[in-house]
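Hi everyone, thanks for making the time today. I'd like to walk you through a structure that may be new to you, so please have a look at it while I talk.

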Amino acid sequence: MQRTPPAASYDSEPELSMSGDRKSNNINCRLKRKREDELLSVDTMKVYMDEMKGLFSSNMLQQEAKFSSIEKSINEIISTNKTKEDKLASLDLTLKGIKEQNADILKSMEFMSNRYEEMRGKLDILEADQKSSSSCIKVLEDRIDGLERKARSGSIEMRNITQNQPEQKKDLQDIVKNVCTELNVTVMETEICDVFRLKSRSKNSMPNPIIVEFSTANKKEEILNSLKKYRKERKILTTENLKIAGPSMPIYISENLTPKMKRIYYLAREFARSHNYRYSWTSYGNVYLRKEEASAAVRINSEEDLDKLKNLQ
């Protein structure tokens, strides 16, 4: 069986008033703490808000600085691009000018090329005309030289004979007769067609040559052949042999060559000396060379003939 517990007994009355005072004190403490906490919370939020505002301001300043830097960079890039665009535009204008100049140069070159071709054609025509004219001139020169040789076929030239002043044609005829007598050739006065001294423009001390024209070429050849025999006997025909006053000087007698054949004969003698040709002479107005006594004679009519002989060496 269960028993009912005994009722509790208290020695004193409960302190109701005390418990009531404690409750009111607790309430007051709680209210006071709540206000203090609210005040602390407000201050903390204000500080926090200030800090947040400071942070936002700092971030805003930094962002504005960055934005300014970015804007400055963008402006610089735009400015640079504009400068580049200006430079590109300037280069474009320069290239356009160069192209125009090249086009003008090309046109000028085409014009000059056409002119060159035109002038080249005219030059070819002139060269052809010149060749034709040169050929005709050479033919005429050869004909004139042939006529001169024919006219001089009976003439001889005597050089280095002292000239006495005054000198008459009769004096020259006597000299010719004395030369023929010394060479053992009989000459009649009728066989001497003309005799005269050439007039020279040079101021040298050498006497001017005497030209003797005989009536026939045979008489001329007779005198020249007699002169060869005279020389083979190792005799030298001099002014002393002819009893001409003054110092003794050798007398040279040759054919009366034309100016062209005189030059050819001079070149032939030079060629003979330099290329070991033993003989060079003239006969009836022509020039001949012979390398050896047994070799054939070569007739020289022009400088081209000497060039051909050089190529054969």
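Predicted model: local features only at pLDDT ≥ 70, side-chain atom pairs only at ≥ 80, totals over all residues.

Now for the partner of R149. It forms a salt bridge with D145, and the closest N and O atoms of the two are 3.1 Å apart. D145 has a relative accessibility of 4%, so it counts as buried. Both residues belong to helix α1, and because they are four residues apart there, about one helical turn separates them. As a general point, side chains of opposite charge can pair when their charged atoms come close.

Starting at the N terminus, the order of the elements is α-β-α-β-β-α-β-α-β-β-β-α. The protein has 313 residues, and 20% of them are buried.

Together with F67, I74 and I78, I70 makes up a nonpolar patch on the surface. What accessible area do these four residues have together? The answer is about 400 Å². I70 itself has a relative accessible area of 45%, which means that it is partly exposed.

Back to salt bridges for a moment. How many does a search of the whole structure find? The search gives 20. I'll pick out a few of them for you.

One is the pair R263 and E303, whose closest N and O atoms are 3.1 Å apart. This pair links distant parts of the chain: R263 is in helix α4 and E303 in helix α5, which covers residues 303–312, and the two are 40 residues apart. R263 counts as partly exposed, at 45% relative accessibility. E303 is also partly exposed, at 36%.

Another is the pair E292 and R278, with 3.8 Å between the closest N and O atoms. E292 is in the loop between β6 and β7, while R278 is in the loop between α4 and β5, so this bridge ties together parts that lie 14 residues apart in sequence. E292 is partly exposed, with a relative accessible area of 39%, whereas R278 counts as exposed, at 54%. There is also a network: R115, E118 and K122 are joined by salt bridges that share partners.

Next, the empty spaces. Rolling a probe the size of a water molecule over the atoms shows where empty space is left.

The largest pocket holds about 930 Å³ of space. It is lined by 25 residues, and the closest to its centre are R231, S254, Y265, S280 and W281. The elements giving two or more residues to this lining are β1, α3, β4, α4 and β5. Which of them provides the largest share? That is α3, with seven residues. By class, the pocket lining divides into nine nonpolar, five polar and eleven charged residues.

What about cavities? Searching the whole structure for cavities of 30 Å³ or more finds one. The largest cavity has about 60 Å³ of space.

One last stop, in the loop between α3 and β4, where you will find I236. Is I236 buried or exposed? I236 is exposed, with a relative accessible area of 60%. I236 and P250 are 14 residues apart in sequence, and their C-alpha atoms are 6.7 Å apart in space.

To close, let me return to where we began.

Definitions and conventions. Residues numbered from 1 in each chain as written. Heavy atoms only, no water. Patch = residues over 30% accessible without salt bridge, like charges linked within 9 Å, V, L, I, M, F, W, Y side chains within 5 Å. Areas by Shrake-Rupley, 256 points an atom, 1.4 Å probe, with all protein chains shown as cover. Salt bridge = Lys/Arg side-chain N within 4 Å of Asp/Glu carboxyl O. Buried < 20%, exposed > 50% of the residue type's maximum accessible area, 1.4 Å probe, protein only. 1 Å grid on protein atoms, 1.4 Å probe; cavity = no way out; pocket = protein on both sides within 12 Å on 5 of 7 lines; lining within 4 Å. Points joined across faces, edges and corners; volume = space filled by probe spheres on them. Nonpolar A, V, L, I, M, F, W, Y, C, P; charged D, E, K, R; others polar.
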